[in-house]
Amino acid sequence: MSILVNERSRVLVQGITGRQGSFHTRLMLDYGTRVVAGVTPGRGGETVHGVPVYDTVREAQDEHGASVSVVFVPAAQAREAVFEALDAGIGLLVVITEHIPLHDALDMVAFAHERGAVLVGPNTYGVVSPGRCKVGIPPNDIFLPGEVGVVSRSGTLAYQIVAELSAAGIGQSTVVGVGGDRVVGLSLVETLRQFERDEETRAVVLVGEIGGGAEEEAAEYIKAMTKPVVAYIAGRTAPPGRRMGHAGAIIERGRGSYESKISRLREAGAYLAEFPWEIPDLVTGALLKTEP
């Protein structure tokens with residue numbers, strides 16, 4: 001098993017004819033992802049890497065019945081693209097687009113909730129179930145199928161940590177990027193909940209960063225989990241009031257500090273890594289403790 005995507009997922013690419021959309025469609029196809037259609041208004045009838053292109057999501061859905069849409073549409077048009085996919089009945093949206101205005105992101109998340117859909121992102125690197133399906137932009141060669149779930153706000157850190165795990169022979173069930181913006185759809189807590197329910201996942205790595213309260217909320221849920229969680233928080237030396245990389249990575253009025261996140265995760269019983277390269281050993285130790 002895995003969460004969110006698997007070998008049966010049928011993927012639609014919104015913005016497939018753009019530079020990023022086309023480039024990553026090729027890589028997703030190379031990984032074995034079932035990319036069934038693409039959408040770019042005004043480009044219907046074309047093909048990209050053998051994938052048929054349609055003018056609207058509804059047309060693509062009528063022909064191919066996609067279950068997932070990955071959005072490479074520019075920020076100014078991303079809200080309408082997401083609304084179009086939700087209106088067409090797609091149940092999982094992976095929004096890669098960066099710099100989406102805050103009010104647009106709020107509208108997207110609210111509409112996805114109203115439709116009973118899952119929205120990952122915005123500003124996510126995507127979702128990967130190794131050996132089964134890749135929806136997004138991570139490099140193809142760092143993943144190894146296995147039993148450790150990974151959820152992260154940061155793409156770069158996730159790639160490093162997944163590569164460290166794979167090099168140590170520790171495979172992943174699914175790797176999820178919830179996104180680095182202040183407003184995101186799928187939360188850390190909901191991702192942990194899905195990993196907790198997944199029979200194949202035996203442990204979880206949570207990669208957080210300063211800013212916001214998502215990790216503190218996750219810590220409350222971790223208290224009730226039956227599976228071990230290894231956590232790493234980036235931004236230990238970041239000065240208060242300065243944004244570090246992601247729009248959500250900022251400490252404001254003392255909220256979202258490194259110390260508060262670490263304290264709450266420690267109280268919840270998570271295994272804490274001070275550096276990313278410590279994570280494989282912590283995962284191995286945690287799994288050994290759970291063996292009968």
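**Group meeting: helix packing, cores and a buried lysine**

Ala 85 has a relative accessibility of 0%, so Ala 85 counts as buried. That is my starting point. A word on the source: this is a predicted model.

Where is Ala 85? Ala 85 sits in helix 3. Set aside its neighbours within four places in sequence, and Ala 85 is in contact with Gln 14, Val 57, Ser 69, Ile 90 and Leu 93. Now take Tyr 221, which is 136 residues away from Ala 85 along the chain. The C-alpha atoms of Ala 85 and Tyr 221 are separated by 31 Å.

Helix 3 covers residues 75-87, and helix 4 covers residues 102-114. Two packed helices are described by the angle between their axes and the distance between the axes. For helix 3 and helix 4, the angle is about 5 degrees and the axes are 9 Å apart. Angles under 35 degrees count as roughly parallel, so helix 3 is roughly parallel to helix 4.

Which residues meet? From helix 3, we have Ala 78, Arg 79, Val 82, Phe 83, Leu 86 and Asp 87. From helix 4, we have Asp 104, Asp 107, Met 108, Phe 111 and Ala 112. By class, this contact of helix 3 with helix 4 has seven nonpolar residues, four charged residues and no polar ones.

Next, the cores. In soluble globular proteins, nonpolar side chains tend to be buried together. The largest nonpolar core here has 44 residues. Which members touch the most other members? They are Val 70, Val 94, Val 135, Val 151, Val 176, Leu 192 and Ile 222. Another core, of 29 residues, lies apart from the largest one; among its members are Val 36, Val 39, Ala 75 and Ala 81.

Look at Ile 222. Not counting residues up to four places away in sequence, Ile 222 touches Leu 192, Leu 206, Val 229, Leu 265 and Ala 268. Ile 222 is one of the buried residues of helix 7. What covers them? The cover includes helix 6, strand 12, strand 13 and helix 8.

Helix 6 has its own story. Seven of its 10 residues are buried, so helix 6 is largely enclosed by the rest of the structure. Those buried residues are Leu 188, Val 189, Thr 191, Leu 192, Gln 194, Phe 195 and Glu 196. Their cover includes strand 10, strand 11, strand 12 and helix 7.

Now the charged residues. Is Lys 261 buried or exposed? Lys 261 lies in helix 8, residues 258-268. Its relative accessibility is 0%; the cut-off for buried is under 20%, so Lys 261 counts as buried.

What does Lys 261 pair with? The side chains of Lys 261 and Glu 215 are joined by a polar contact of 2.4 Å. A second polar contact, of 3.3 Å, joins the side chains of Lys 261 and Glu 216. Beyond four places in sequence, Lys 261 also touches residues including Arg 153, Glu 209, Ile 233 and Gly 256. Gly 211, Gly 212 and Gly 213 are among its contacts as well.

Glu 216 is in helix 7. At 10% relative accessibility, Glu 216 counts as buried. Apart from neighbours within four places in sequence, Glu 216 is in contact with Gly 256, Ser 260, Lys 261 and Arg 264.

Glu 217 is in helix 7 too, residues 214-222. Glu 217 is partly exposed, with a relative accessible area of 48%. Glu 217 and Ser 187 are 30 residues apart in sequence, and their C-alpha atoms are 9.5 Å apart.

Last, some backbone details. A cis peptide bond joins Gly 121 and Pro 122, with omega about 5 degrees. Pro 122 is in the loop between strand 7 and strand 8. Asn 123 is in that loop between strand 7 and strand 8 as well. Asn 123 is not a glycine, yet its phi is positive, about 60 degrees. At 13% relative accessibility, Asn 123 counts as buried.

His 99 also has a positive phi, near 60 degrees. His 99 is in the loop between strand 6 and helix 4. At 69% relative accessibility, His 99 counts as exposed.

Methods. Residues numbered from 1 in each chain as written. Predicted model: local features only at pLDDT ≥ 70, side-chain atom pairs only at ≥ 80, totals over all residues. Heavy atoms only, no water. Helix = DSSP H or I, 4+ residues; strand = E, 2+ residues; numbered from the N terminus. Buried < 20%, exposed > 50% of the residue type's maximum accessible area, 1.4 Å probe, protein only. Axes fitted to C-alpha atoms, helices over the stretch in contact; angles between N-to-C directions. Parallel < 35°, antiparallel > 145°, perpendicular 65-115°, else oblique. Contact = heavy atoms within 4.5 Å. Nonpolar A, V, L, I, M, F, W, Y, C, P; charged D, E, K, R; others polar. Polar contact = N/O pair within 3.5 Å; in protein donor to acceptor, adjacent residues only side chain to side chain. Core = buried A, V, L, I, M, F, W, Y, C linked by side-chain atoms within 4.5 Å.
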